[in-house]
Amino acid sequence: MLTLKRRDVLAGGAATLLSARAAAKASAVSAAPFLTIYSPTIPQARTLAQKAARSSKAAIPLTGDLVTLWKTALSKHRGALHGFTSWSDFVLLRGLAEEQGLRVRTETRLETGKTLFRWVMA
């Protein structure tokens, strides 16, 4: 005969509730829009960014002063940032994004003519 204690039922209900909340949070994060950022001076970066971006408005070239670009366009974005940039651009953007609460999820050095890094921050 199966016996259940009140404590077991409550623990099972709590575990179900927590897993449902985690699943809802994960789906909300994955559904959030992302921006693709690339260094226009690296031809491979432009190509990869255009392939990765969902629309042409979602691919932003890093031109001019990066801090000004961050303050005017990127800091207002409330989703993930996906980049194809040089290491120095990545380091600067990483510092600015960390001030906004974003964290590096992945970074990879791509083998190309110039040093190119693919990174994601969310």
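Which residues point one way from β3, and which the other way? Ala80, His82 and Phe84 point one way, while Leu81, Gly83 and Thr85 point the other way. Let's look at that strand and its surroundings.

**View 1. The whole protein has four helices and five strands.** Welcome to a predicted model, in which local features need pLDDT of at least 70, side-chain atom pairs count only at pLDDT 80 or more, and totals for chains, interfaces and linings use all residues. Residues are numbered from 1 along each chain as its sequence is written, and side-chain values use heavy atoms, with hydrogens and water left out. Helices (H or I, at least four residues) and strands (E, at least two) are DSSP runs, numbered from the N terminus. Along the sequence they follow the pattern α-β-α-β-α-β-α-β-β. Of the 122 residues, 31% count as buried, meaning under 20% relative accessible area (1.4 Å probe, protein chains only).

**View 2. Strand β3 covers residues 80–85.** Six of its six residues are buried, so the strand is largely enclosed by the rest of the structure. That includes His82 and Thr85, which point opposite ways from β3.

**View 3. Strand β1 (residues 34–38) pairs with β3.** Two strands pair if DSSP finds at least two bridges between them; here there are five, in the parallel sense. Look for Ile37, which stands opposite Gly83 in β3.

**View 4. Strand β5 (residues 116–121) also pairs with β3.** This pairing runs in the antiparallel sense, over five bridges. Here Phe84 stands opposite Arg118 in β5.

Key. Buried means under 20% relative accessible area, exposed over 50%, partly exposed in between (1.4 Å probe, protein chains only).
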